[in-house]
Amino acid sequence: MTVRTDDLIAALARGLTPVVPVATVRVRLARWTGAALVTLAAAVWVVGARGDWPAAIGEWPVQAHSLLLVIAGVFGALAALHLAVPGERRGWSQAWAVCAALAWLAWLGGELALAAGTGEAAWRVGVSWSCAFKVIAAGLVPAVVLLVMVRRSAPLAPRAAAALAVLSAASIGALGAEWMCPNTRPMHLLVWHALPVVAATGFALLIGASIVSARAAGDDVDLSG
Amino acid sequence: MTPEEERALGELMARGQRGDGAAYERLLTELSDLTRRFVRRRVGDVSWAEDVTQEALLAVHRARHTWNPARPFVPWFYAVVQSRLIDVIRRERRVRGREVANETALDLARQRAAEAHVLAAHDLSAAIRQLGPTQQRVIELLKLEERSIRDVARALGLSEGNVRVIAHRAMKALQKILGTSGDRAY
C-alpha cells in the first residue's frame with residue numbers, strides 16, 4: 001500500500017457513517033429458521049405431500065432422515081452465521097452440521113447396501129428430475145435468505161461460510177423432498193435427493209466466496225482528502 | 001491490556017458505530033498501534049507490517065456493524081487482525097514464490113542461451129573444418145578475425161576479387177553444411 005496509515009485513519013473517520021449493529025447470531029438463526037419453516041410448509045403445500053404422508057412420518061427411516069437433515073440444516077445455518085461475525089467462529093456448530101450431513105449420506109448408503117442383498121433391482125435408478133426440483137423448491141428461499149445474512153455480515157472465511165449456508169439450505173430442501181416424494185428406494189434417495197445437496201455444497205465451495213464476500217455498498221474509502 | 005483499556009476501546013467503537021468521527025479516529029489510532037504490536041509478536045519485524053495494519057483498519061471499518069456492543073470488543077478486533085495477517089502472509093508467500101519462479105526461469109533462460117551459444121560455436125568450428133584449406137583461411141581471417149578484404153588478400157597472396165569469390169563460396173558451403181547437418185534452430 002502506498003497510503004500512509006495516518007491518512008487512511010483520517011479518511012475513514014472523515015467518511016464515517018452511523019451503522020446499526022447486526023442482530024445477534026441467535027436472533028438471526030431464529031429468523032432464518034422461521035423463514036425456512038414457512039418455505040418448507042409452502043413447498044409441501046404447493047407441490048403436495050407424499051401420498052402415504054400420515055403413515056410415512058411414523059416410519060423410523062423417515063424419522064431418522066428427517067432428524068439428520070434438520071440437524072444439518074439448523075447447525076449449518078448456525079455455523080455459517082458464526083463464521084460471518086469476527087470472533088464468533090465455533091468449531092462445534094460446523095462439526096455438527098457436517099457430521100449430520102455425512103451421517104445422512106452414510107445412512108442412505110447403508111440402506112442401499114441392505115437393499116442390494118435382495119437383488120440387482122436395488123441398483124436401478126430412474127430419471128426423476130422432479131425430486132431435484134423439490135429439493136430446490138424447498139431450499140432456494142432458505143439459501144437466499146442465509147446467503148444474504150452472511151453477506152451483510154463480515155465473513156472472514158467466506159468460502160466455508162457460503163458452503164455451510166448452502167449445505168444448510170440444501171438439507172432443508174432435501175427434507176422437503178423427503179416429505180413430498182413417496183419413493184423410498186435408497187438408490188433414488190441417493191441420486192435424486194442427496195446428490196443435489198452434495199452438488200450444491202460443492203458448487204458453493206467453488207464460487208460461494210465471491211457471493212458472500214462482496215463489500216457492503218457505500219463502504220468505499222475516499223482517500224482524496 | 002487492562003480491562004479498563006478494553007472497555008475504553010469498546011466505548012470508542014460504540015461511539016464510532018453511532019457516527020462519532022473523533023472517537024472513531026482515536027480508536028483507529030489505538031488499533032493501529034495494537035496491530036503493529038500483534039504483528040511484531042507473531043512474525044517479528046517484517047517489511048509488510050504496515051500492510052497488515054492498514055488492511056486490518058479497513059477490515060475493522062467494513063465489519064464495524066458486526067460488533068455487538070454487549071460483547072467484548074477485543075476478541076472481535078483480534079479475530080479481524082488475525083484473519084488479515086493470515087491473508088497478507090499468504091499473499092507475501094505467493095509473491096515471493098512468483099519472484100523465485102521468475103528468477104529461476106531467468107537463470108534457466110540464461111543457461112540455455114549460453115549452451116546454445118557454445119553449441120552454435122562448436123557446430124560452426126566443425127563446419128569450417130569441412131571447408132578446403134584456402135576457404136578455411138579466408139573465413140578465419142575475414143569473419144573470425146574481422147580483417148578487411150585487402151588485408152586478407154595481402155596475407156594470402158590473392159587478389160581482392162579472388163578473396164571475395166572464395167569467401168562467397170565458403171559462406172554458401174557453410175550454410176549448406178549447417179543447414180543439412182544441424183537440426184537446431186539458432
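The legends below describe close-up views of a predicted model.

Local features are given where pLDDT is at least 70, side-chain atom pairs count only at pLDDT 80 or more, and totals for chains, interfaces and linings use all residues. Residues are numbered from 1 along each chain as its sequence is written, chains are lettered from A and ligands numbered from 1 in the order in which they are written, and side-chain values use heavy atoms, with hydrogens and water left out.

**Figure 1. Overview of chain A.** Chain A has eight helices and zero strands, where helices (H or I, at least four residues) and strands (E, at least two) are DSSP runs numbered from the N terminus. Read from the N terminus, the order of elements is α-α-α-α-α-α-α-α. Along the principal axes, a box of roughly 75 × 30 × 30 Å holds the C-alpha atoms of this chain. Of the 225 residues in chain A, 45% are buried; buried means under 20% relative accessible area, exposed means over 50%, and partly exposed lies in between (1.4 Å probe, protein chains only). A contact means heavy atoms within 4.5 Å. Counting contacts in chain A between residues at least 6 apart in sequence, 83% join residues at least 24 apart.

**Figure 2. Surface and charges of chain A.** The accessible surface of chain A is about 11,000 Å², and 69% of this belongs to carbon and sulfur atoms. Accessible areas come from the Shrake-Rupley method with a 1.4 Å probe; for residues, only the protein chains shown count as cover. The chain carries 15 positive and 11 negative side chains, and the centres of the two sets are 1 Å apart. Lys and Arg count as positive and Asp and Glu as negative, while His and the chain ends are not counted. Each charge is placed at NZ of Lys, CZ of Arg, CG of Asp or CD of Glu.

**Figure 3. The interface of chain A and chain B.** In this view, 30 residues of chain A are in contact with 34 residues of chain B. The size of an interface is often given as the accessible area lost when the parts come together. Chain A and chain B bury about 2,600 Å² between them, with 64% of it on carbon and sulfur atoms; buried area is the accessible area (1.4 Å probe) that two parts lose on being put together, summed over both. One salt bridge is found across this interface, a salt bridge being a side-chain nitrogen of Lys or Arg within 4 Å of a carboxyl oxygen of Asp or Glu.

Figure 4. E88(A) pairs with R71(B) in a salt bridge whose closest N and O atoms are 2.9 Å apart. E88(A) also forms a salt bridge with R90(A), at 3.3 Å between the closest N and O atoms. E88(A) is buried at 11% relative accessibility, and R90(A) is partly exposed at 24%. H82(A) lies in helix α4 (residues 60-83) of chain A and is buried, with 7% relative accessibility. Beyond its neighbours within four places in sequence, H82(A) is in contact with V25(A), E88(A), R89(A), R90(A), W92(A) and S93(A).

**Figure 5. A154(A) in a loop.** A154(A) sits in the loop between α6 (129-152) and α7 (158-180) of chain A. Its relative accessibility of 12% counts as buried. Not counting residues up to four places away in sequence, A154(A) touches L83(A), A84(A), V85(A) and P86(A), together with A63(B) and T66(B) of chain B.

**Figure 6. A56(B) in a helix.** Helix α3 (residues 49-62) of chain B contains A56(B), which is buried at a relative accessible area of 1%. Leaving aside neighbours within four places in sequence, A56(B) is in contact with T35(B), V80(B), V81(B) and R84(B). A56(B) and I86(B) are 30 residues apart in sequence, and their C-alpha atoms are 11 Å apart.

**Figure 7. Other salt bridges.** Over all chains, the whole structure has 16 salt bridges. One of them joins D52(A) and R50(A) at 2.8 Å, N to O; D52(A) is partly exposed at 29% relative accessibility, whereas R50(A) is buried at 4%. R4(A), D6(A) and D7(A) are linked in a salt-bridge network. In chain B, R137(B) and E140(B) form a salt bridge with the closest N and O atoms 3.2 Å apart. These two residues are separated by about one helical turn because R137(B) and E140(B) are three residues apart in helix α5 (residues 133-144) of chain B.
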